Amino acid sequence: MSASPCATGFCAVDFGTSNSAIAVPGPAGDMRLVELEPGRLTMPTAVFYFAEGRHDADGPPRAFGRAALAAYVEGSDGRLMRSMKSILGSPLIDQTTDVGGGRGVKYFDMLAGYLKRLKRQAELTAGHAIDRVVLGRPVFFVDGEPARDAAAQASLEAAARAVGFTDIHFQFEPIAAAFDYERQAPAEQLVLVADIGGGTSDFSVVRVGPERMARLDRREDILANHGVHIAGTDFDRHVELAAILPEFGYRSMGPAKPGQTPREVPSGVYFDLATWHLINTVYSPQRVAELRSMRSFYGDTRHHDRLMTVLEDRLGHELAGRAEDAKIAVAAGGEVAVDLGLIESGLAVGFSAEGAQQALGRDIERIAEAGRETVALAGLTLEQIDALYFTGGSTGLLPLAERITADYPRARRIQGDAFASVASGLGLHAARLFKAQT
């Protein structure tokens with residue numbers, strides 16, 4: 001795309017599944033990250049729609065980022081939306097969901113509203129209007145489906161246009177992370193970037209070095225890209241299914257009947273409860289009524305009672321959050337007790353490193369395999385990789401980082417900023433791109 005003839009400022013946006021960040025030009029011409037919340041350069045990708053309140057030009061009253069999470073935790077009446085990036089490329093993008101108070105909001109408008117908030121913060125920091133942007137994108141929004149992948153990028157571009165961006169470019173997120181790493185590379189190297197966030201695990205093999213930094217066209221230095229749609233929210237889902245939801249009937253059996261083999265309780269509701277962007281779908285009156293009528297399906301009716309408490313009190317996000325907290329706690333070592341007393345007094349479950357390995361082992365291996373495949377696509381051997389650069393919130397999961405590292409005997413392992421490396425690299429790319437246009 002060519003620059004708009006009336007273009008003003010520019011920025012770079014890392015719109016993440018779990019967290020987002022923005023970079024804008026600083027006073028000295030370098031790129032700096034925007035303070036999105038007091039003292040913080042990243043913001044949770046979360047929106048809370050209050051059920052009651054005045055309408056304005058932006059639609060129903062909303063809270064963003066940590067304020068959105070706080071509104072949910074404090075029990076405000078309304079609807080929390082997280083993992084909105086996961087909606088891209090799915091039919092949900094054009095659908096409307098109930099946000100309370102008899103109001104509905106299109107998923108596309110939720111996404112656009114969040115981007116508008118980011119753009120507004122960027123403009124407040126820059127001190128002028130911004131209409132040019134570099135947006136990060138995963139290597140694949142959708143695995144193995146090019147049409148849906150293209151549709152996902154088109155939806156993100158449409159949302160960016162809807163909030164006032166006119167000159168829009170995309171850059172792969174792991175390549176942006178490579179640009180961030182390049183600033184510290186002492187000499188020319190072959191680096192495998194592992195960008196493992198909330199929604200995808202992306203890998204790129206990039207040739208970096210001090211003499212290459214100033215080049216705008218880096219196509220010859222990008223040797224391979226590959227990725228899989230497995231990452232942090234998948235880990236959360238598997239932890240919740242393995243450790244928490246059995247207490248609510250997941251994989252439990254129905255009552256024994258003479259001459260019949262007990263059947264497993266239907267599992268659909270549990271998969272939806274464990275998937276951030278699908279949690280709200282289980283709260284519809286029709287579905288709650290259907291599930292309420294299934295009490296006779298349960299051999300242990302306590303499981304059904306607990307499930308109905310979750311649905312009627314809308315505690316699905318709370319359970320998912322506790323699964324996420326358990327994953328993080330176990331990743332730091334040891335065992336954790338997951339308190340479920342908000343559902344039933346005294347209810348708790350234990351979760352250990354062994355349980356994490358059983359729940360996440362298959363995902364970790366698939367991610368490691370994607371890294372090896374990326375190196376093969378580059379025409380290299382694992383021994384030729386000089387450095388591994390880890391970025392993304394899920395690289396804090398030690399068993400994952402150690403499993404990936406084990407495949408590369410010569411590589412130096414470097415941990416980048418889990419949440420800001422991609423935004424910093426996107427900012428570097430945006431500066432090179434837009435300054436070259438002027």
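Biologist: Hi! Before we start, what kind of model is this?

Modeller: Hello! This one is a predicted model, so keep that in mind as we go.

Biologist: Okay. In what order do the five strands of the open sheet run?

Modeller: The order is β14-β13-β12-β17-β18, and the pairing is mixed.

Biologist: Which strands stand at the edges there?

Modeller: Those are β14, residues 222-228, and β18, residues 412-415. Each has a single partner strand, so one side of each is left without a neighbour in the sheet. From one strand to the next, the twist averages 20°.

Biologist: Nice. Let's switch to the inside. How many residues are in the largest nonpolar core?

Modeller: It has 67 residues. Among those with the most contacts inside this core are Ile244, Phe248, Tyr270 and Ile367. Helix α10 turns up again here: the largest share of the core, eight residues, comes from α10.

Biologist: You mentioned Tyr270. What does Tyr270 touch?

Modeller: Leaving out residues up to four places away in sequence, Tyr270 touches Leu241, Leu245, Phe248, Gly249, Tyr250, Val265, Tyr298 and Leu307. There is also a second, separate core of 41 residues, which includes Tyr49, Met84, Tyr107 and Ala159.

Biologist: New topic! What is the order of the strands in the three-stranded open sheet?

Modeller: That sheet runs β6-β5-β7, with antiparallel pairing. Its edge strands are β6, residues 62-64, and β7, residues 78-82, and each pairs on one side only. The twist averages 15° from one strand to the next.

Biologist: How many bridges join β5 and β7?

Modeller: Five, with β5 spanning residues 46-50. In β7, Arg82 is the bridge partner of Ala46.

Biologist: Which helix lies across these strands?

Modeller: Helix α2, residues 107-126, lies across β5, β6 and β7, and runs at about 55° to β6.

Biologist: Now for aromatic rings. How many aromatic pairs does the structure hold?

Modeller: Seven. One of them is Phe48 with Phe50: the ring centres are 5.0 Å apart and the planes are at 70°, so this pair is edge-to-face.

Biologist: Are those two buried or partly exposed?

Modeller: Phe48 is buried, with a relative accessible area of 0%, whereas Phe50 counts as partly exposed at 26% relative accessibility.

Biologist: What about Phe64 and Tyr114? How are their rings placed?

Modeller: Their centres are 6.3 Å apart and their planes are at 50°, so the pair is tilted. Phe64 lies in strand β6 and Tyr114 in helix α2, so the pair ties together parts that are 50 residues apart in sequence. Both Phe64 and Tyr114 are buried. Ring pairs also link Phe15, Phe64 and Tyr114 into a cluster.

Biologist: Last one: what lies over the face of Trp276?

Modeller: Arg82 does, at 4.2 Å from the ring centre. In another spot, the charged end of Arg432 sits over the ring of Phe179, 5.4 Å from its centre.

Methods: Residues are numbered from 1 along each chain as its sequence is written. This is a predicted model: local features need pLDDT of at least 70, side-chain atom pairs count only at pLDDT 80 or more; totals for chains, interfaces and linings use all residues. Side-chain values use heavy atoms; hydrogens and water are left out. Two strands pair if DSSP finds at least two bridges between them. Helices (H or I, at least four residues) and strands (E, at least two) are DSSP runs, numbered from the N terminus. Axes are lines fitted to C-alpha atoms, for helices over the stretch in contact, and angles run from 0 to 180 degrees between N-to-C directions. A nonpolar core is a set of buried Ala, Val, Leu, Ile, Met, Phe, Trp, Tyr and Cys residues joined through side-chain atoms within 4.5 Å. Buried means under 20% relative accessible area, exposed over 50%, partly exposed in between (1.4 Å probe, protein chains only). Contact means heavy atoms within 4.5 Å. Rings of Phe, Tyr and Trp (its six-membered ring) pair if their centres lie within 6.5 Å; planes under 30 degrees apart count as stacked, over 60 as edge-to-face and the rest as tilted. A charge sits over a ring if NZ of Lys or CZ of Arg is within 6 Å of the ring centre and within 35 degrees of the ring normal.
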